[in-house]
Amino acid sequence: MSNESTLLADEVLSSLAERKRELHQRQCLNCRNRAEKREMLRLVVDDAGEVWPDLFQKAPGRGSYLCMESTCLEQLTDKRLGALRRNFDVKLPQCEKLLQRLQEALQQQLRRLFSQHRAVVVLGRDAVMHQMWKSGPLLVLLASDGGDALLRQVTDAVAKRVDSGSETLLMQRFSSLFLADVVDREKVSVAAVELSAVSAKLYPFCVWYERLADRAG
Ligand SMILES: [Zn+2]
């Protein structure tokens with residue numbers, strides 16, 4: 001093949017790839033930005049005009065999408081939800097109700113995922129600190145009300161792991177009550193999850209939950 005035709009083939013391939021990316025993108029109902037569909041929250045409207053989060057993007061019917069960026073969530077309003085009226089008979093106001101439903105759905109999903117991955121979840125300060133010495137990728141969940149001493153100990157250990165090149169994700173806006181609920185224990189201030197291809201599913205839901213918690217202040 002001549003250089004020219006190689007170039008042409010490259011061009012065709014890259015425009016096909018671009019087209020494919022566009023097909024999988026959706027516009028956010030609220031902020032109007034475009035993003036990958038699978039990274040967005042799908043919303044569905046039932047016959048009664050109620051809006052529901054569809055975490056698995058599998059509910060029947062037509063959906064709309066939210067990008068779930070922090071700024072977008074902060075600015076989500078009933079007026080913006082009104083855009084759904086182009087396609088559905090939607091009850092308004094219900095922005096706060098939707099966010100409440102989303103928070104509940106996320107909490108339920110996290111509870112389910114934590115119980116499915118019980119084998120790779122470690123709970124409590126001693127077990128988590130011990131786990132930090134190992135090099136595998138780790139998701140660390142630290143309760144915001146776990147106390148200054150624990151906060152210092154955990155953030156120092158996370159910083160050291162990051163310095164040494166061990167992948168570490170730290171989430172620290174959950175309450176100890178929330179943590180205890182999702183891991184099904186009485187009281188937990190810190191937990192860690194070995195991140196495998198499977199347990200990594202937890203992370204995006206944790207991020208969404210934190211953003212919602214931030215919005216609530
Ligand atoms: Zn958005």
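Tutor: The model is predicted, with local features resting on pLDDT of at least 70, side-chain atom pairs on pLDDT 80 or more, and totals for chains, interfaces and linings on all residues. Numbering runs from 1 along each chain as its sequence is written.

Student: How do you know that the span of helix H4 agrees with its number of residues?

Tutor: Helices are DSSP runs of H or I with at least four residues, and strands are E runs of at least two, numbered from the N terminus. The expected span is 1.5 Å times one less than the number of residues, so the 22 residues of H4 (95-116) should span 32 Å, and the end C-alpha atoms lie 31 Å apart, which agrees.

Student: What makes Leu102, Leu106, Leu110 and Phe114 one side of H4?

Tutor: These four are the buried residues of H4, where buried means 20 or more other C-beta atoms within 10 Å of a residue's own, exposed 12 or fewer, and partly exposed in between, with C-beta atoms placed from the backbone. Taking directions from the helix axis to the C-beta atoms, they cover an arc of only 95°, which puts them on the same side. The face turned away carries exposed Lys97, Glu104, Arg112 and Ser115.

Student: Why is strand S9 called largely enclosed?

Tutor: Because 4 of the 5 residues of S9 (190-194) are buried, the rest of the structure largely encloses it.

Student: What makes S6 and S9 a pair?

Tutor: Pairing requires at least two DSSP bridges, and 3 join S6 to S9, running antiparallel. Likewise, 5 bridges join strand S7 (138-142) to S9, also antiparallel.
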